[in-house]
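Here is a model to read with a few questions in mind. How do the numbers lead to the words we use for it?

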Amino acid sequence: MEIVRRGYEPKDAVEFGPKALQKLNAAAQELVFLMNRGYDTKTASTFIGNHHLLSERQRLALARIVSAQEALKTREEKQLASPPESLVLDGFNTIITLEVALSGSLLLEGMDGTIRDLAGLRGSYRIVDKTVRAVELLLNRLDTLGVREALFFLDRQVSNSGRLRALLLESEHAVRVQVELHPGVDGQLSRMKNVVTTDAIILDKCESWYNLNRDLIAQAVPDAWIFRLAPPLT
């Protein structure tokens, strides 16, 4: 199988390197200021991005890192300190982030403590050389954490969702795996509890969530490239 670096962008080494950190920190502080005063993320990101002459990828990164204080408080209140015996997982969201970590590509630490990527889905997905490894690491971690049931939701309309479903179901682990191909994963997860995702909209709406991505990457890919802004962001 062809070796693929999921989420790799050659310019990331410069745009998220040491020389760019000061500019991104300043932009993030200003973005937080506006969002805490009611500006929506898109409008505020465009304004700040234009002011600091940020690239499109830098703007997207800041939008995924920064959250308003009200949202952070709500997410913190709903975050589970330890994994429950049953989890529902945003399948593509979780697996793609792990594939990005295994590829040595850019990851982002959000203000809410989640680890996100910039790979995106955009309606298409293909199995790559990192996929099987990602699935095994994920299910092994669920076993270690004592999770007994894991219900994965995959977007039915995304290409190769059926192949990923088969991979998840073929693996033999202590955790009982179920996979549902669903036409509206975001809406479904937004109404559930014990959710695993880094999607901000789902985190704001779901009943409770567990930060599995952070735990999983720390344990399975400790040398992952995670971009962090200098605290504090207030």
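**The sheet and the fold**

In this predicted model, 3 strands make up an open sheet of mixed pairing, in the order S3-S2-S7.

Q: Why are strand S3 (115-117) and strand S7 (226-227) said to stand at the edges?
A: Each has a single partner strand, so one side of each is left without a neighbour in the sheet.

Q: What makes strand S2 (residues 107-109) and S7 a pair?
A: Two strands pair if there are at least two bridges between them. S2 and S7 have 2 bridges, in the parallel sense. They therefore count as a pair.

Q: Which residue in S7 is the bridge partner of leucine 107?
A: The partner is isoleucine 226.

Q: How do you know that the radius of gyration agrees with a compact globule?
A: Take the 234 residues of the chain. A compact globule with that number would have a radius of gyration near 17 Å. The chain has 18 Å, which agrees.

Q: What share of the residues is called buried, and under which cut-off?
A: Buried means under 20% relative accessible area. In the chain, 53% of the 234 residues are buried.

Q: How many contacts join residues at least 24 apart, as a percentage of those between residues at least 6 apart in sequence?
A: The share is 78%. A contact here means heavy atoms within 4.5 Å.

Q: How many helices and strands does the chain have?
A: The chain has 11 helices and 7 strands.

Note on methods: Residues are numbered from 1 along each chain as its sequence is written. This is a predicted model: local features need pLDDT of at least 70, side-chain atom pairs count only at pLDDT 80 or more; totals for chains, interfaces and linings use all residues. Side-chain values use heavy atoms; hydrogens and water are left out. Helices (H or I, at least four residues) and strands (E, at least two) are DSSP runs, numbered from the N terminus. The radius of gyration is taken over C-alpha atoms; the globule rule is 2.2 Å times the number of residues to the power 0.38. Buried means under 20% relative accessible area, exposed over 50%, partly exposed in between (1.4 Å probe, protein chains only).
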